[in-house]
Amino acid sequence: MEFRIAPTYQRSLRKLTNEEQKEAKIASFDLQMNPAHPGFQFHRIERAKDPNLWSARVGRDLRLIVYKTDSRFLLLYVNHHDPAYDWASRRKIERHPETGAAQIVEIRELVREIPIIKHVAVEQKVATKQSRLFDWVRDEQLRGYGVPEEWLPDVRNADESTLLDLIDHLPEEVVEALMELADGRMPPMPTKLAPEDDPFDHPDALRRFRVLKNKDELERALDYPWDQWTIFLHPDQRRFAEQNYNGAARISGSAGTGKTVVALHRAVNLARQHPDAAVLITTFSKALANALNLKLLRLVGNESAVRERITIHSMTELGTDLHTAFFGEPKIVDDETLKQIIGQAGRAADKHAFSDRFLLAEWRNVVDAWQIDSWEAYSSVPRLGRRTRLGQKQRKTLWKIYEQVKESVAQHNLQTWAMVFGRVTKHLEQGDVRPYQFIIVDECQDLNVAGLRLLATLGSERSDALFFAGDLGQRIFQQPFSWKKLGVDVRGRSHTLRTNYRTSHQIRRKADMLLPTEITDVDGNEESRDGTVSVFNGVPPEMVLFDSAGDEAEGVGHWLKSRLGEGLSPEAIGVIVRSKDEIGRAVAAVTNAGAEAGVIDDIVRPTEGKIAVCTMHLAKGLEFSAVAVIACDDGIVPLDSRLDEITDPSDHEDAFNTERHLLYVACTRARDRLYVSGITPGSEFLADMT
């Protein structure tokens with residue numbers, strides 16, 4: 001018998017207590033082993049419009065709702081007796097007459113009047129009639145997108161005030177299409193099945209009702225309901241994960257659109273297709289590499305042969321491994337030592353010519369980044385993004401300083417990471433065997449020059465070796481530079497994901513206000529946020545300013561306590577601050593909620609039973625049901641101490657934008673609830689979100 005699970009089951013499961021979840025999971029495993037298990041006391045739901053909907057008893061009051069035929073068993077929902085029966089009485093599984101796809105349809109005549117929450121400005125005195133969103137779309141087109149017939153009048157009459165409330169009652173594939181149509185875009189029509197085809201074989205049904213072939217697959221689906229979207233790929237995501245490319249390719253998309261998911265699936269797909277190949281997944285930090293390891297384990301389960309062919313490293317771990325293999329372990333110069341060396345060299349050359357800050361920035365962004373090793377190279381290098389103009393005399397003075405810096409670093413047997421990457425790159429270019437045949441790069445917007453050059457060399461033996469995933473709006477570390485100059489050209493093989501699975505419509509829309517609609521990289525590749533849609537509705541984010549840090553800790557604590565009171569587990573909640581200096585404020589808020597704080601480090605593993613506390617940088621790659629982004633004060637977001645160190649105007653502008661990106665990253669860690677706070681007057685960025 002075919003055994004499937006619907007995402008509605010996972011969503012209902014996570015709302016139960018831990019003990020109830022345990023009971024439901026055990027029952028799910030037993031049913032997979034024996035769907036006719038006599039111990040569950042199956043009862044056909046008499047009020048249900050669908051004769052194939054049954055309840056299964058789990059414990060004294062818990063009930064599973066299943067769809068059961070002679071050949072198919074589908075887990076749909078779990079809850080206590082009365083709400084479980086109520087849910088089932090208002091649902092049916094039917095074949096859509098146009099698309100042929102199996103859908104979970106909410107029965108229109110039994111739905112209570114849909115509450116319409118109209119968000120209007122306080123000063124608005126007279127309500128104006130809003131135009132209907134889908135007047136330009138014909139009925140047959142709406143049916144073609146899978147709109148159930150009984151919901152067609154509601155969809156036809158939807159306006160901006162009612163759409164978000166309406167989508168909670170519709171199949172998710174219909175929601176995706178309607179959100180695009182509401183934005184004025186006509187999405188591709190879904191596949192249409194022939195009448196004799198199985199409706200559960202439709203592509204939309206396959207991603208809604210996942211076939212689980214064994215206990216391991218079910219265990220992964222139930223253990224990580226929060227990450228269900230890492231398992232159920234949208235057809236567009238699957239296409240990018242499995243497509244063959246004739247050159248380097250890149251996918252982009254705003255936070256929550258599944259870029260990392262696609263990257264992981266692509267790595268797994270390549271490992272399965274090429275059993276003799278080694279696949280590398282890399283990202284900019286150890287924290288993210290650890291998070292990727294956890295997600296990969298959830299994805300491959302017990303496929304040890306596949307997992308063994310995939311290596312996950314941060315860029316520094318990759319550099320260390322390769323350098324150690326070729327030359328021995330590198331000894332990296334720390335920031336303070338490097339600043340001292342550059343300062344001493346600058347004062348020795350000309351005490352008043354350049355500030356230490358300028359010398360350090362020029363070293364990091366030009367000399368060290370591009371691994372310039374001669375006066376000839378420095379005299380002609382394009383100083384991309386550096387607005388401070390330099391004449392040849394100034395460049396000569398600077399080069400004397402940097403020659404001394406290089407000599408001092410070498411005398412101490414030290415290296416920068418760019419030097420490590422550069423040395424390994426040259427070694428590989430001289431003909432050494434490439435250790436990896438495929439390279440997948442997550443968060444590629446934060447690659448640096450030397451790192452990308454190394455990856456380009458690693459992947460130089462195959463046209464399809466390089467695959468990048470990233471979002472220019474989340475660049476928080478590196479200055480922009482030209483990929484084409486390093487031989488990496490993604491033009492014509494660059495795609496944007498536009499369906500957000502992680503973040504509610506309200507949170508996504510609010511966070512997107514921090515960024516421009518379109519961002520273009522140095523090579524002219526454009527990433528647009530226009531047309532991105534979220535597949536689920538939620539609660540509008542809260543933004544509050546307080547008079548003092550103590551008042552904020554009390555207010556945030558009350559908000560956190562309310563989320564816990566709603567049944568959220570502590571580890572499903574995160575409190576995020578700009579830097580380590582504000583961690584104490586976050587811990588105070590958690591303490592006021594009567595909870596325990598778990599401060600996250602590079603391991604990036606929220607502790608069970610504790611509310612996660614971390615900086616915005618370490619929040620990258622994390623997801624929570626509820627997030628409080630606090631201490632968004634004037635002078636902290638953006639961080640004055642960072643901006644004050646910068647002398648070059650272009651560096652200042654780039655750092656300012658990066659601070660904005662950091663707040664965007666923090667806000668988009670939230671799925672259902674977002675709370676943003678600070679001390680009056682608050683961060684200047686908060687005005688952009690209102």
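The largest cavity in this predicted model is lined by 20 residues, and T260, K295, E443, R502 and G621 lie nearest its centre. A cavity here is a set of points, on a 1 Å grid over the protein atoms alone, where a 1.4 Å probe fits but cannot get out, and lining residues have an atom within 4 Å of a point. Rolling a probe the size of a water molecule over the atoms shows where empty space is left. The volume of the largest cavity is about 190 Å³, where a volume is the space filled by probe spheres set on the points, with points joined across faces, edges and corners. The structure holds four cavities of 30 Å³ or more.

What kinds of residues line the largest cavity, by class?

| Class | Residues in the lining |
|---|---|
| Nonpolar | six residues |
| Polar | six residues |

Helix α12 gives the most to the lining, with four residues. Helices are DSSP runs of H or I with at least four residues, strands are runs of E with at least two, and both are numbered from the N terminus.

Now for the sheet. Six strands form an open sheet in the order β19-β24-β23-β20-β22-β21, with parallel pairing (two strands pair if DSSP finds at least two bridges between them). β19 (542–546) and β21 (597–599) stand at the edges with a single partner strand each, so one side of each has no neighbour in the sheet.

α21 touches β19 and β24 (670–679), its direction making about 45° with that of β24. Contact means heavy atoms within 4.5 Å; axes are lines fitted to C-alpha atoms, for helices over the stretch in contact, and angles run from 0 to 180 degrees between N-to-C directions. α23 lies across β20 (573–577), β21, β22 and β24, at about 165° to β22.

Leaving out residues up to four places away in sequence, A586 touches V575, V577, V613 and I630.

Residues are numbered from 1 along each chain as its sequence is written, and side-chain values use heavy atoms, without hydrogens and water. As the model is predicted, local features need pLDDT of at least 70 and side-chain atom pairs count only at pLDDT 80 or more, while totals for chains, interfaces and linings use all residues.

Terms used. 1 Å grid on protein atoms, 1.4 Å probe; cavity = no way out; pocket = protein on both sides within 12 Å on 5 of 7 lines; lining within 4 Å. Nonpolar A, V, L, I, M, F, W, Y, C, P; charged D, E, K, R; others polar.
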